[in-house]
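Biologist: I'd like to learn how to read a ligand site in a model. Could you take me through it step by step?

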Amino acid sequence: MKGLGCHKGSSSLASLCVSRWGVLFSHPKDYTPVCTTELGRAARLAGEFQKRNVKMIALSIDSVEDHLGWSKDINSYNGEPASTTLPFPIIADDKRELAIQLGMLDPDERDKDGIPLTARCVFIVGPDKRLKLSILYPATTGRNFDEILRVIDSLQLTAQKRVATPVDWKPGDRCMVLPNIPEEEAKALFPDGVFTKDLPSGKKYLRYTPQP
Ligand code: BEZ
C-alpha cells in the first residue's frame with residue numbers, strides 16, 4: 001500500500017516513522033460520547049499495543065487545551081484519577097490540516113457551523129513507513145479495538161512468514177499457504193504440514209498450515 005509521508009513539524013507523527021509499527025486513529029470531536037468510550041478502551045489496551053511494538057497516536061480536531069480537559073474525563077470514565085495524562089498523545093489538529101491531508105473528513109458529519117468532522121479512521125503503518133491497513137468508520141459507529149489488535153497480529157505475522165490469515169483468524173489458528181508458493185517449496189517451508197482441501201474444481205489452492 002502507499003507510503004504515509006512523515007509530516008514535518010509534527011514530532012508525534014514523525015515518531016510513527018522510525019523503526020516501530022504505528023497506529024493513528026482519528027476522532028470526530030473532543031467531549032463526545034462514542035469517542036470517550038473508544039479512547040478509554042484504547043488507554044486500557046495500551047499494554048497490548050506496547051507488547052506488539054506499536055506506537056499509538058490519536059487525532060482530534062480540537063485544541064491541546066480541550067484534549068487535556070477531555071483526557072481527565074477519559075481517565076475518570078476508566079475509573080482512574082482525573083489526570084490529563086493518557087498512554088498516548090492526541091494530535092491537536094484544530095485547523096484540520098492533517099485531517100484534510102490524510103482524507104479523514106466525513107462529509108456527512110458536520111459541527112454546529114456546518115464544517116465536516118473527522119471520521120473514525122484507523123491507519124496502521126509498518127516499520128518501513130508504509131501504510132499497511134486503513135479502516136474507515138463513520139462517526140456514529142465506534143471501533144472494535146479487539147479487531148484492531150487482531151489485524152495487527154495478522155499484519156505482523158504475514159510480514160514475517162509466507163502465509164495469509166483466513167476469515168475470522170485469531171492468533172494460534174491455522175493459516176493459509178500463499179497461492180504463489182509451489183507445492184514442493186510449501187512442504188519444505190512448513191514442516192508442520194500443508195493440508196489441502198479437496199474442492200469440486202479439482203484445484204489445489206485451499207492449503208492450510210498450522211500457524212508458523
Ligand atoms: C461521538 O463520539 O459520540 C460522536 C461524535 C460525532 C458524531 C456522532 C457521535
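Biologist: Where is the place of C35?

Modeller: Helices here are DSSP runs of H or I with at least four residues, numbered from the N terminus. C35 sits in helix α2. This is a predicted model, where local features need pLDDT of at least 70, side-chain atom pairs count only at pLDDT 80 or more, and totals for chains, interfaces and linings use all residues. Residues are numbered from 1 along each chain as its sequence is written, and side-chain values use heavy atoms, leaving out hydrogens and water.

Biologist: Does C35 count as buried or exposed?

Modeller: Buried means under 20% relative accessible area, exposed over 50%, and partly exposed in between (1.4 Å probe, protein chains only). C35 has 1% relative accessibility, so it counts as buried.

Biologist: Which residues does C35 touch, not counting those up to four places away in sequence?

Modeller: Contact means heavy atoms within 4.5 Å. By that rule C35 touches H27, P28, K29, W70 and R120.

Biologist: And which residues surround the ligand?

Modeller: A residue is near a molecule if one of its heavy atoms lies within 4 Å of it. Around the ligand we find P28, T32, P33, V34, C35, E109, R120 and A139. Helix α2 (residues 33-44) gives the most to this shell, with 3 residues.

Key
Helices (H or I, at least four residues) and strands (E, at least two) are DSSP runs, numbered from the N terminus.
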